[in-house]
Amino acid sequence: MSTPVPSPEAFAAARPAAILSFFPADPQAEATLRSISDVDPIPFDQLDAESEEAIVILVVNPVRLSQHIQEARRDNVRVIAISDERYEDIELDSAVHSYLPSHTPSGILRRTVDSAVAHVFLWNGFQMLDDRFEGLTREIQELNQIGAALSAEHDTGKLLEMILTKCRGLTRADAGSLYLVEQETATEPPPPPNPASIPAHGAKASEVPAPDVQLASGKKVLRFKLAQNDSVSIPFREVTIPISEKSIAGYVALRGEIVNLADAYSLPPGVPYSINRKFDEDSGYRTCSILAVPMRDQKDEIVGVVQLINAKHAVDMRIESTNAIASTVVPFTTHQQDIVASLASQAAVAYENSQLYASIQRLFEGFVKASVTAIEARDPTTSGHSFRVANLTVALAEVVDRSEDPLFADINFTRSEMKEIRYASLLHDFGKVGVREEVLVKAKKLYPGQLDLIQQRFEYVKRTIENESLNARVQYLLEKSREEYLAKQPDLDGDLAKRLAELDHYYQTIASANEPTVLPEGSFDSLNEIMRTAFHAYNGDEHPLLREDEVRLLSIRKGSLDDAERQQIESHVVHTYNFLSKIPWTKEIRLIPTIARGHHEKLNGYGYPYKLAAVEIPIQTRMMTISDIFDALSASDRPYKKAVSQERALQILGFAVKDGEIDGSLFKLFVDAKVFDRWKIEPFPY
C-alpha cells in the first residue's frame, strides 16, 4: 500500500515556521522551491543577517554557494544541494546539510526540507540545553565556592556581609537585609529556689542562682544586623524587634516559612504581616518584590532571616526612581527561591561555626589572661608586666609591618602571626610557675629572714657592749672614788658611743649593700672588714659579725640574685618552653613556644638559657626582647630596683645595641615610632 505524497498546503502546515531561500542567479533553485511550497522563497541577499529563524537554502549552482560560504555556515542555516555527485571542494561539501539528485520527486524534496528545518530546531534545542546545563554548572560551582568561602571565614562581621552579598548576587537583588535570632539576657536575677523543692542530694548548679553568671530570659528577639542597597544610601543602625507575625522577617523567623512576594504593596489576602513603608517614603525608594528565607542550622533551628528586595533584570541596573520599577524589577523566581534557601542553610551552619569559633577564641583568651594573672599573683611586684610586654611587642610589630625601610621590606605579619606574637608575649614568663617562690619574689640581696637575723645579731652585740661598759663603770666605782669616776665618765661615755656608732655604721653598710643595682657597681671591701669583726656569744664562743654566706650574697654586683638563684630564675624560660610545647596549638599559631623561648637570648650568643646565635633568634623574639627589657627597666613595680626614667631605660638599651645584644634596627624603630609610649595601650585583638 503506497503512502500518499502530501500536498504543498499540508507540507506548509506541518513544517515549523522557517524561511525557504535561494542564492541570487540560481533560477533553477528558485523554480524548484516555488514548485514545492505555496510560500514565496526569499533571495538570500534580502534576508536579515541577524535573523535567528531557521533558513533552508536550495542550491543547484555550486558557484553561488561558494560566493556565500560563510553565511551558509550559520547555526540556523541548512543547505540542500541538488547534485548527482558530492562536491569535490571540501569547503563546499562541509557546508551542505544533504544532497538530492536531480529529478528528485517533489514529495521527497519536501520531506528533506522538513528534515532540515527540524534539524535547525533540534540543534537550537540542544544549544539551549547546553547553555542551561552550563549555567547550572556555573551556578553549582559558584554555590560550592560560596560554601567553601563561608566555611573558611571565621570573622562573624565579614561572614554576615558575605552571606547577604552572595544571596543578592545570585538573585540580582537590588537590596537586602539580614536578621539574627538572639535570646535576651535576664535583667533580674532568678528567684532563690524553694528549700522544700530541693532534693536531699542538692540542686543542680543551673538551678542555684549565681550572681556572676548571665542567664538567658528565654525570650527571643530579632536583631536587625545588616542592610545593603545598591540604589539608595541607608542610614543603618542595629535594632532589635520582637519575633512576631506582624513583620515579614518576624513571620519567617517564627513560622520557618519562605515569603516570596511579587509586590510588597499588594499583599495576598489574609496574611498577618505588613511592610513598613516609612523607609520608602523617606528615601524615595520603592520596595516591590521581596524574598525572605529562614536560616536553619544543623539542628533545624532558625538562627536568622535573609530578606532580599527587588530582583532586577541585570545585576548592574540601578533603580533611579519609582518610575523605573516596572522596567527594572522582576519577581523572584522559584529557582532563585530554592537557591537562596539552600545558601541560607549553608550560611546558618557557617554562622553557627563562626559563633563557636568566636566562643573558643574568647575561652582561650580568658584562659591565657587568667593564667598570666595567676602567675603574676605569685609575685605581685611584677603585676602587669606580661600584659605591657605584649602591648609593646605588638605595637613594634605593627611599626615593622608598616615600615618603608628596605631592611624590613620583606617583613609582613599576617593576622595569625600577630596573634602568635601577642600570645607568645603574654605567656613568655609562664615558666615562673616552676621557680621557688622565695627566689621569685626576692627583692633584696638577702632574704628577709637573713636580714632580720643580722639585725638581731647587731642588737645583741650592742646590748653586750652596753653591758660591758656598765660592768666597767661599776668596777671603776668600786676601785676609785666618786670624784675619780665622774672625771672618768666622759671617756667611758665616749668609748661606748664610739663602739655603738661603729656598729651602726656597719649595719648601715650592710643595709646599703643589700640594695640591688641595675648595672654592675659598688665596692664591697667594707663587708670583709665587718666579717673580720668578731663578737662573743653568751657561752664565750667567738663569731663574726657577718657570716661568709651573708657576705657572698651582699657582694652581688648586679641585681639581687647570686649565681645559683639566677640559674633558678633563668630556668623559667625552659619551664615556659616545656609548658607551651605541650599545648596542641593550631597550625596558625604553632610557633608560640619558639617565639617565647628566646626572649632572654642575645644576638652575640651570650644570652640564656640556650645561648642561641643571632640567626637562631626570629624577629618576633627580637622585638619581644626589646619590650621585655624596657619594661623591666622602667616599670615602677619592682622593689629590688628603683625604676629608671624612660630616657635612662632607652640609654641602657642603646648600650645593649652597642654590645651586640639586641637588634639595633628594631630598637631604632622602637625609639623613632615612640613605641615605648604604648605600653599601657591594649593592642588590636588579632
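Predicted model: local features only at pLDDT ≥ 70, side-chain atom pairs only at ≥ 80, totals over all residues.
Local features need pLDDT of at least 70 and side-chain atom pairs count only at pLDDT 80 or more, while totals for chains, interfaces and linings use all residues. Residues are numbered from 1 along each chain as its sequence is written, and side-chain values use heavy atoms, leaving out hydrogens and water.

**View 1. An open, parallel sheet of five strands.** The strand order is S2-S1-S3-S4-S5, with strands (E, at least two residues) and helices (H or I, at least four) being DSSP runs numbered from the N terminus. Strands pair if DSSP finds at least two bridges between them. At the edges sit S2 (42–43) and S5 (98–100), each pairing on one side only. S1 (residues 19–22) and S3 (residues 55–59) share four bridges, and Phe22 stands opposite Leu58 in S3.

**View 2. Helix H22 (residues 646–658) and its cover.** Have a look at Ala649, Leu650, Ile652, Leu653, Gly654 and Ala656: these are buried (under 20% relative accessible area, with exposed over 50% and partly exposed in between; 1.4 Å probe, protein chains only). Their cover includes helix H21 (619–634) and helix H23 (664–672), where contact means heavy atoms within 4.5 Å. Just after H22, Gly660 takes a positive phi of about 75 degrees.

**View 3. Helix H7 (residues 156–171) against helix H11 (residues 334–378).** Here the two axes come within 10 Å and cross at roughly 175 degrees; axes are lines fitted to C-alpha atoms over the stretch in contact, and angles run from 0 to 180 degrees between N-to-C directions. Among the residues that meet are Leu159, Leu160 and Ile163 in H7, and Ile339, Val340 and Leu343 in H11.

Methods
Expected span 1.5 Å × (residues − 1).
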